Amino acid sequence: MHSSTLRTAPIHLTRTLQHPSFTTARSLRPCIVAKWLQSRRLTTASPRTQEVIPLRKHLKDEAKRKKAEVKRDGNVLSTKQTSDSRLDKWELTVGIEIHAELNTACKLFSSAPAEVSVGDDGGSANSRVAAFDAALPGTQPQFQIATLLPALRAAIALECEVQRKSGWDRKHYFHWDQPNGYQITQYYRPFAKDGSLTLGAFDGVPAEDLNGAESITIGIKQIQMEQDTAKTMNVGSSTYHVDLNRAGMPLIEVITLPHIHSPQTAAAVVRKIQAVLKGVDACVTGMELGGLRADVNVSVRQRGTSGTGSSYSGVSGLGQRTEIKNLSSFKAVEDAIVAERDRQISVLEAGGVIEGETRGWTLGATETTRLRGKEGEVDYRYMPDADLPPLVIGSDLVKHLKTTMPMLPDAVEQDLEEWHGLSRKDAKTLNEQDNGDRVEFFERTASFLLAEVGTFKSEVSTGKERRKTGKLVGNWVLHELGGLLATHQRSWDDVRVTADELKDILVCLHKNQITARAAKQILAELVQRQPAPKGPYWPSMDTRPSVEQLIDAGNLRLRPLSEHEYEKLAKQIMDASPEMVKAVREKGQKGKVMWFVGQMVRQGEEGTVEPEKAKVVIERLMDG
Amino acid sequence: MAIVLEIFFVSLSRSDLPGHSGGRDRDLTSASAQHFISKVKNVMLSARFCWRNASRSCQVYRKSHSISQQLNAIVHNGRPDPGKSADASGFLSGKTVAVKDNIVTKDLPTTAASKILTDYIPPFDATVVKLLQQHGAIISAKTNLDEFGMGSHSQHSHAGAVLSPFSKNGVPLSPGGSSGGSAVSVATGQCWAALGTDTGGSVRLPAAYTGIVGFKPSYGLLSRWGVIQYANSLDTVGILARSVADTKHLYGCINAYDQQDPTSLSATVRERLGRKGADAKRLRIGVPLEYNIDELSPVVRATYLRTLNALQNAGHTLQPVSLPTTQPALSAYYVLAPAEASSNLAKYDGIRYGYRTPGSDASAKNNLPLYASTRGEGFGEEVQRRILLGAYTLSSEAIDNYFIQAQKVRRLVQRDFDSVFAQQHPLLERQAEIPSDEGGVDVLLTPTAPTLPPTIKEVKQQSPVESYMNDVFTVPASLAGLPAISVPVRIIGREGDGLEETDVHDVGMQLIGQFGDDELVLQAAEVVVQ
């Protein structure tokens, strides 16, 4: 059983759910349409696992593929070389259409509740369906104005011009995931136009694309609002189950201009658009969870020529393009473009002609496959939806949203880099994880820590202190805490350690009251303990110990050794390992010094040896 | 299909656009127009008019239940439940109202006379049905119609053709369509009044053909929530009743804003509609020259002229007006309505409700597209014809020549009307070139149909295009969303020479008002009936 969003499977459609053994697994919510659908045996039960499996499978497949790639490394190298020489001759051009589910409480044209995000119980199939979503005769769309807000935030974040007046068109095609026989969209009169997206090396744009510049800018042609389709599940060879819960969910489609010239940049664009949409709270779920899907338009032309003279939205001189639909991971975007680029170049070099067609891509494949040619293209017969008045957006609303916009990811990362002293790479990692929760945790810990250890002598020294503590906190939040969560296979939601606790640990570390080793031990201890009970009362001390208590209980407080004691310990270890001493002294293997430091920390009593001091002592003894 | 469109569609040129109309196009009609004006004047000057009390003949036809079954006006009988329809204080308390079967009802199957909706029982009531019930009305029956409202004679129904109670040479006449079942139910006294739907004349035409009143209010006044779409930019709920007073009474109960219908006019817009204290004592009545077509039958023309004359004698003013886009309007209608129909009927795939073909419907073996079997078997011939026509006119190769052009014609039709009415269109920006009050008219009076109803035999011999011609007088008001009413005017004296006793003895006269001027149209209707 797998879930499918492709519209191409040429299968025998049997009436959904006429299977006699079918029973609903969950009780339906008191929704009139759900009841009605149920009374007509038109509901499906969709256990959660169905939705989870594809992701896991996907990750597994990815891992497998990577392994295989490493194995035939030699081959990869040689093919890379040939393709590189071909790329000197041929230039790739890519435009992307990204569909993202908006973060709203209800559907686009009905008050049925929007799909519950992952983690929550999604509810049973066909339980969040209004009469219009099931396309019952005599029903009409009712535009839900609240869905406009996240859409507008997306448009503002992508620097689009919000249109005062936009409209709704019907796009017709028959498929069982489309109850009305058409999708309501804004293809001809979108609510936002002419935006742009700026990307740099940190976003994954390769140096060749940057061409010496700090960043490149990709034009956004338009953003439109539209309805999502129903979910269909293949049951056996000839039966599909249709779940209308997703039908009519609000989507935005972001269409870029064909300004992209490498597969890596294409993936970077998708990743960045996702980050921006999440950052401004326009969307909740990311690509890996099916909240985002991309179609890519790919063409190649000989460098220095104008291709077949094709053009798109003012960008001309392009080769004939093909469209690859329904890519649902960043990797798929990149790989599909690589495969399609190489295919097109091969066809052209063999004297062939590229057909304007729609192609598909499955994960792990080496080639795109033809879905349908131009002659098989659906004529969508776009027409205005006469039931829906034009959408009029006041400039005051746009202005208000602009002033209340959350910080964009780029700004957050820049802030982390310049204000808190993190590397851009760490800033990006921190920002992209856990829906911004981790950045918030970082900022709180960092400000608590600075408040306690900062001297605030002058502006300059404060800045230095802030960047120093920032770096320390960043390291601990990302690597130490991150490592512990990975070890315990826990998510950030279950981190248990509070910003206050981490601050306490780092204060002790900063003041040299504990060693880094002890600090890590305390953190690990806290991660494993039950979280403090939430409530109006101060958590009692015996449910969750404080950092101080843990230090005392573990006898972890640093009791500095005297110079003499350091030397005694060092000599003891050096005497026991003459080979190592020889390696340092005679072979000049300075790195081995750290081995001695490690031994000192280990053999010394807990919380007594500071690595920095130990190193100084060892080095001195080695020299002497 | 291409042939139909070639014959049918009057293509637009620049000269048809405002500012370019002038010489040529008007000259074509000027001869007949002059002739028509002189005739109107003659009648106006002619001798006094004998007003015979046009008593409704419907009592005569109030026959037994079995006869109404023979006429096939009803597809489902209501379940009158006296306990339930309790509210004796309601404005419609105890009154029976039949509802056209393309308006959904929770308690009764709703099929729109289509096989594709076989046994469909909707899970909700249409807003107009709810309002009727709230006012104490009893939904007595669901009435027969042309499948999905597509037809002018109520002959294209999966439940079988509707027959008029009137006949000629023993052959039943056409009851008109598409609300033929509602009209026959009212005319034969099966119910006090009925709801129909009017997309291009579907309430007015059957009212005219069965000698009753049929009212199509302004677009957006009566809720369409629960009205099965045919062409949703034109669809309007309408009322069929035996008198203007009953029509008004029912209209007052269901005329309300409905937030479930996105095209329902809001309370603030409603306040701006019409004129305060509309007065039908001294009407300025427009007589559109373009409605004097060759196809106008002598009996209709005679009754029309007599009616005009009588109105003038009663103190009203007559004023010849020109609506040059009347003919292209019909062509535009038969492009727009099928286009919208092809979209609105795309939802019937047999998956969630209604009829479904036995066996697979997406078989690559048969080399048929998805749902081809279900839709091929579930839709009748006329519905299929219009879906195909609409799918073609929306296709990328044809949309510019048909759908877009028809939209332009539609705007011209609206402008035509705006230029003749004294009252400003309440939803349009005020324009400078609006005629002064003296120049405009309050209502337009036209025949509802060019002829008396044909027999169903004659209907069968008509080509689709010929039957579309029937709607030439009703379509313009639909395209402009204007209120329009058809009222019966008794045929008297020599006008009715050759009419059999069993034949219909009324001619439908249509009054059209400015958008939102529904009250005045109803008042004027009372004047005409008197």
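Tutor: Helices (H or I, at least four residues) and strands (E, at least two) are DSSP runs, numbered from the N terminus. Bear in mind that this is a predicted model, in which local features need pLDDT of at least 70 and side-chain atom pairs count only at pLDDT 80 or more, while totals for chains, interfaces and linings use all residues. Residues are numbered from 1 along each chain as its sequence is written, chains are lettered from A and ligands numbered from 1 in the order in which they are written, and side-chain values use heavy atoms, with hydrogens and water left out.

Student: Okay, where is Ser178(B), then?

Tutor: Ser178(B) sits in the loop between strand E5 (171–172) and helix H5 (180–187) of chain B. The peptide bond that joins Gly177(B) and Ser178(B) is cis, with omega at about 10°.

Student: And what's up with phi of Asn211(A)?

Tutor: Phi of Asn211(A) is near 55°, which is a positive value in a residue other than glycine. Most residues other than glycine have a negative phi, and most peptide bonds are trans. You will find Asn211(A) in the loop between helix H5 (207–210) and strand E8 (215–227) of chain A.

Student: Switching to the two chains: how many residues does each give to the contact?

Tutor: Chain A gives 37 residues and chain B gives 50 residues, where contact means heavy atoms within 4.5 Å. The area buried between chain A and chain B is about 3,600 Å², with carbon and sulfur atoms giving 57% of that area; buried area is the accessible area (1.4 Å probe) that two parts lose on being put together, summed over both. Of the area that chain A buries against chain B, 19% comes from Pro137(A), Gln140(A) and Phe174(A), more than from any other three residues.

Student: How many salt bridges are there between chain A and chain B?

Tutor: The count there is one, a salt bridge being a side-chain nitrogen of Lys or Arg within 4 Å of a carboxyl oxygen of Asp or Glu. Asp387(A) forms it with Arg224(B), and the closest N and O atoms are 2.5 Å apart. On the side of chain A that touches chain B, the elements that give two or more residues are helix H1 (32–39), strand E5 (169–172) and strand E18 (383–384) of chain A.

Student: How many aromatic pairs does a search of the whole structure find?

Tutor: The search finds 25 aromatic pairs over all chains. Rings of Phe, Tyr and Trp (its six-membered ring) pair if their centres lie within 6.5 Å, and planes under 30 degrees apart count as stacked, over 60 as edge-to-face and the rest as tilted. Trp176(A) and Tyr240(A) form a tilted pair, 5.3 Å centre to centre with 50° between the planes.

Student: Why does that pair tie together parts 64 residues apart in sequence?

Tutor: Trp176(A) lies in the loop between E5 and strand E6 (182–185) of chain A, whereas Tyr240(A) lies in strand E10 (residues 239–243) of chain A, so the pair ties together parts that are 64 residues apart in sequence.

Student: Last one: what does Asp426(A) touch?

Tutor: Not counting residues up to four places away in sequence, Asp426(A) touches Leu478(A) and His479(A). Asp426(A) itself is found in helix H10 (residues 424–432) of chain A.
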